[in-house]
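I opened the model to look up a few local features. The notes below follow the order in which I looked.

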Amino acid sequence: MRMRPVRMARWSARHPWKAIVGWFVFVLLCLGAGITAGGNPATTEDFWVGEAGHAESMATDGGLQRRPTEHILIRAASGPLDTAKATAAARDVTARMSALPEVAEVAPPVRSKDGTALRVAVVMKGAELDARKNVVPLLDASAKVAAGYPELIVEETGSPAISKGVNDQRGKDLTLSERLTLPVTLVILLIVFGSVVMAGVPLLLALSSIAATMGLAMLASHLMPDPGVGTNMILLIGLAVGVDYTLFYLKREREERARAAGRLGPEALVELAAATAGRAIVVSGLAVIVSTATLYLATDVIFSSLATGTILVVAVAVISSLTVLPALLVKLGHRAERRAAKKAARRAKRGALGVTKPAKPENGRLFDALMRPAQRHPGITLCVSVLVMLAVAAPALGLKLIDPGKDTFSRAIPAMRVYDRLTAAYPELLVKHEVVARSAPGRAPEVRQALTELGRRAQADPLFARNAEPVLRTSADGRISVLELGVPYPAPSDEAIVSLGHLRDRYIPSTVGELTGVETAVSGDVARGQDYVHHERNKLPLVVGFLLLLTFATTAVAFRSAVVGLIGVVLNLLSAAAALGALVLVFQGTWAENLLDFDSLGAIASRVPLFLFVILFGLSMDYQVFVVSRIKEAMEHGMPAREAVLDGIARSAKVVTSAALVMVTVFAAFVFLHLTEMKQMGFCLAVAVLLDAVVIRMMILPSALLLLGERAWRPLRPSRRTRSTAPAAPALPHVI
């Protein structure tokens, strides 16, 4: 593998137009193939987890699955509700909805307990997840009714309308994040390179990699269904790693150009950069892919989609860095040579003396200041830095997890505001527990009797809705029965969670649970959320364990040092723990709500910790690989361990920090989104990358390596090989 990036770069350098055209043809083919094949969206069955999932499977087997339902709420625009007009509006709603092909049935109007509202329930055809695409005609119909009764407020809400609102909001949020991220990224790259053309190259390759991955992800969805979150991850990771990989390669090519001082052509310079930065990109990409693949162990459709999107976009970004990037650099290099020749000719014509400008220092004062503590006092720097990171991580000990349901969605969505008004008037609609029982067909009467007794006991419990009768349904063949029980508390509330415990641990065992040969399970919004959180907690040790093992193995093999591999694992754990602590400190409380524009859930979304560990381990490997590669490179050429560490850190500090700023910008843009879960993910990753690039890679890592000295590199040092991975080009003696 060591020479493969060089061979790829050599071919691209010698055939630049073929490489450039081939790359964009590849992008168009991927995108075209994906659009032609179309996506394969996840179904309701793909989200089934735990007991709740088993209950929904049994209910579906009996044709009693949850059906998508919209609610039309009719209220007075001012003053008391005019019953006659409200009834007329309800008839109009019923007539219009019944005529729609998307509607299965319309229930009779239900008056609220306080008499201020009238509600019409509309049951839609099709699966639960399909309803969000088919709800538009229903929204149009309710809007027409509202226009015909100006003295009334006629509005619609329900899971389909809310899901559509969330999707629309997510689309607007992604557009906003792109508008924030792209200009800031371009400015950072302009500062790094001082050239619009060179700054545009990383963005061009990142965006083209994202486009190719979008097409590939659509194809991949036919193997693993897409729950609709893959696009977010492709944009998030694609821009971050796409720019990073190109940035590292460009920086190395510039170093080789400065060393050659005009004595090597663009082709040779590109090959020299490929021999070092190219290999580091491959190792880094493989590390990200390997670590991200552990998400598949979570056996969750959302994490599988996130893993697929990340793996595809990282692989495509690596390919672009090794193929089209060398070709672009060769073309830009020849352009720079022509411009330099013209400038030299003009100077010669004017008789001006050619004065060589002094070389700019590798890093500025800020970087020197950040590196100075580790250089002068590694022991103290290591202890203080680790203690600071542990202090930041401390709040993670109070971590609480929650599965964010519709009650946590932004109230900027109109359907959510209507939902609040609906549940205020009809609190029994807040939560539904669904008890599903399966038995032999002949035992249906016995099961129904036991479920009726269960409903009676639950209604005597203050945690259950007393003003709503339990609904009991039985399948046509008598095998499946479903009992629906209302709870007048939001799904994430303690009361709703306790009511689920009462149902599972107390009422079911003492009623239908006493019947032999009868299988029971509970589903509903609360059960779904609680079972999902439990599922994530159970999978977390498995995923993290494999993640640590694979990260260690990848690093140890890449650098031929078990000590370096162990250091990498420990440092990644430290940065992940610190980021999680900062997340708990900011989002689990309420003090930062106005600052970051969110409503605290009092907990962290259950997907975030697992997502954080896996993605952060992968992204942190970028910096680990590029920094340690420079150190290892210097040692292979005979430099003592201490000097090699200082030289490697100094040479990589600016580019690593610049790359980190790009990542932080990309992730921080997600803090401005409406979805609290996305805010948490963006904030956590931004903090983690910033801490990793500054504290970990510039203070803790060099301090640890300086203290260990030769002991960190024992498997490497005996070889003492001063070998060049560069091709037999007319290279200078001191060029790596």
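Entry 1, terms and ground rules. I take two strands as paired if DSSP finds at least two bridges between them. Helices (H or I, at least four residues) and strands (E, at least two) are DSSP runs, numbered from the N terminus. This is a predicted model, and local features need pLDDT of at least 70, side-chain atom pairs count only at pLDDT 80 or more, while totals for chains, interfaces and linings use all residues. Residues are numbered from 1 along each chain as its sequence is written, and side-chain values use heavy atoms, with hydrogens and water left out.

Entry 2, the hairpin. I looked up strand 8 and strand 9, which form a hairpin with 5 residues between them. Glycine 478 lies in the turn and has a positive phi of about 80 degrees. The two strands run antiparallel and are joined by 4 bridges. Threonine 474 has serine 481 of strand 9 opposite.

In which order do the 4 strands of the open sheet stand? I read 8-9-7-10, with antiparallel pairing. Strand 8 (471-474) and strand 10 (519-524) are at the edges with a single partner strand each, so one side of each has no neighbour in the sheet. From one strand to the next the twist averages 20 degrees. (Axes are lines fitted to C-alpha atoms, for helices over the stretch in contact, and angles run from 0 to 180 degrees between N-to-C directions.) Between strand 7 (residues 431-438) and strand 9 (residues 480-487), which run antiparallel, I found 8 bridges. Valine 435 stands opposite leucine 483 in strand 9.

Helix 16 (residues 444-459) packs on this sheet and touches strand 7, strand 8 and strand 9; contact means heavy atoms within 4.5 Å. The direction of helix 16 makes about 5 degrees with that of strand 9. Helix 18 (residues 525-559) also packs on the sheet, touching strand 7 and strand 10, and its direction makes about 95 degrees with that of strand 10.

The axes of helix 21 (residues 607-636) and helix 22 (residues 641-668) come within 8 Å and cross at roughly 160 degrees. The two are therefore roughly antiparallel (angles under 35 degrees count as roughly parallel, over 145 as roughly antiparallel, 65 to 115 as roughly perpendicular and the rest as oblique). Helix 1 (residues 4-14) packs on helix 10 (residues 266-293) at about 140 degrees, with the axes 8 Å apart. On the helix 1 side I noted contact residues including Pro5, Val6 and Ala9, and on the helix 10 side, among them, Val270, Ala274 and Gly278.

Helix 19 (residues 562-587) has 26 residues and spans 37 Å from first C-alpha to last, close to the 38 Å expected at 1.5 Å a residue (the expected span is 1.5 Å times one less than the number of residues). Since 19 of its 26 residues are buried, helix 19 is largely enclosed by the rest of the structure. Buried means under 20% relative accessible area, exposed over 50%, partly exposed in between (1.4 Å probe, protein chains only).

Leucine 422, in helix 15 (residues 414-425), is buried at a relative accessible area of 2%. The C-alpha atoms of leucine 422 and isoleucine 72 are separated by 8.9 Å, although the two residues are 350 residues apart along the chain. Threonine 676, in helix 23 (residues 676-708), is buried at 9%. Leaving aside neighbours within four places in sequence, threonine 676 is in contact with Thr408, Asp599 and Leu601.
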